[in-house]
Each structure stands twice: as C-alpha cells, then as structure tokens.
Amino acid sequence: QVRLEESGGGGVQPGGSLRLSCAVAGTMFSHSDMGWYRQAPGHLRELVGTIGHNFDTFYEDSVQGRFTISRSNPNKTVSLQMNSLKPEDTGVYYCYCRFNGMEYWGSGTPVTVSV
C-alpha cells in the first residue's frame, strides 16, 4: 500500500522557521510528482508548492520566496522548508503524491504560527 507520513509540524512564532518532511513508501518515488498542500481552519485545502519528478518546482504566490520544497529520491522523502512564517501560514499541511495516474495523501501535520 502507498503511505505518506508527514512530520515536523508544530508551533512557531511569526518570523520563525519550520521544516516539514514527508516519507513515502509503496511507489516508485523517483517517478512521482510530489507536493504540499495546507488547510486553514474553515478554509478549503490549497496548494502550497510542488516538486516534479524532474525536480521542477512551483510555489503559490503567498509563499514564494519564503518556502522551499525539495526531495531526496534515495531517501524517498520530500521536504518543505518554511521561513519567515506568518500567522496566515497556520494550518494542517498535507503531503501529496501522484504516480501512474493515481494520487495519494498523507494524514497531515499541523502548523501553528502565533506569538
């Protein structure tokens, strides 16, 4: 079975940094397109950023320049480095994987940015 397990969430102050990781099992990871989504309380899940199997990256405008997505194919992990965090970054962050026309989700890791 395909499993995506996020880790690294927690509480930070505005302006702080946090690094999220997602460990992937059950797919050919190097052939998979990966991404991070988030869902704030009372809001729909939204795209944060993606990193393709070719290592091309894309970021939502609000996180551009602050967040960096990366992947390690040998470790089968994808990471999200979040810097200069803002309260509006608060939410549950989900790891996403697309492989062979199918998509998979992790269960999410919460991030809270507050004083």
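These notebook entries record what I looked up in the structure.

**Ground rules.** I am working from a predicted model, in which local features need pLDDT of at least 70, side-chain atom pairs count only at pLDDT 80 or more, and totals for chains, interfaces and linings use all residues. Residues are numbered from 1 along each chain as its sequence is written, and side-chain values use heavy atoms, with hydrogens and water left out.

**Cysteines.** I began with the cysteines and found 1 disulfide in the structure, taking the term to mean a pair of cysteine sulfur atoms within 2.5 Å. The partners are Cys 22 and Cys 95, whose sulfur atoms lie 2.1 Å apart. I noted the torsion about their S-S bond as about -90 degrees, so this disulfide is left-handed. Cys 22 belongs to strand S3 (residues 18–25) and Cys 95 to strand S9, so the pair ties together parts that are 73 residues apart in sequence. I then looked up burial, where buried means under 20% relative accessible area, exposed over 50%, and partly exposed in between, with a 1.4 Å probe and protein chains only. Cys 22 is buried at 0% relative accessibility, and Cys 95 is buried at 0% as well.

Cys 97 is buried, with a relative accessible area of 0%.

**Sheet.** I next traced an open sheet of 4 strands, which has the order S1-S3-S8-S7 and antiparallel pairing; two strands pair if DSSP finds at least two bridges between them. Its edge strands are S1 (3–7) and S7 (67–72), each of which pairs on one side only. Neighbouring strands of this sheet are turned by 15 degrees against each other on average, direction ignored; the axes are lines fitted to C-alpha atoms, and angles run from 0 to 180 degrees between N-to-C directions. Between S7 and strand S8 (residues 77–82), which run antiparallel, I recorded 6 bridges, and I noted that Thr 68 has Gln 81 in S8 as its bridge partner.

**Aromatic rings.** The structure holds 3 aromatic pairs. In this count, rings of Phe, Tyr and Trp (its six-membered ring) pair if their centres lie within 6.5 Å, and planes under 30 degrees apart are stacked, over 60 edge-to-face and the rest tilted. One of the pairs is formed by Tyr 37 and Trp 105, edge-to-face at 4.9 Å centre to centre with 70 degrees between the planes. Tyr 37 lies in strand S4 (residues 33–39) and Trp 105 in strand S10 (residues 102–105), so the pair ties together parts that are 68 residues apart in sequence. Tyr 37, Tyr 96 and Trp 105 form one aromatic cluster, and Trp 105 is partly exposed, at 33% relative accessible area.

I also looked for charges over rings (NZ of Lys or CZ of Arg within 6 Å of the ring centre and within 35 degrees of the ring normal). Arg 45 lies over the face of Tyr 94, 3.7 Å from the ring centre, while the charged end of Arg 71 sits over the ring of Phe 29, 4.5 Å from its centre.

**Lys 86.** Lys 86 is placed in the loop between S8 and strand S9 (91–99), and it is partly exposed at 35% relative accessibility. Leaving out residues up to four places away in sequence, Lys 86 touches Arg 66 and Val 113, with contact meaning heavy atoms within 4.5 Å.

Definitions and conventions: Helices (H or I, at least four residues) and strands (E, at least two) are DSSP runs, numbered from the N terminus.
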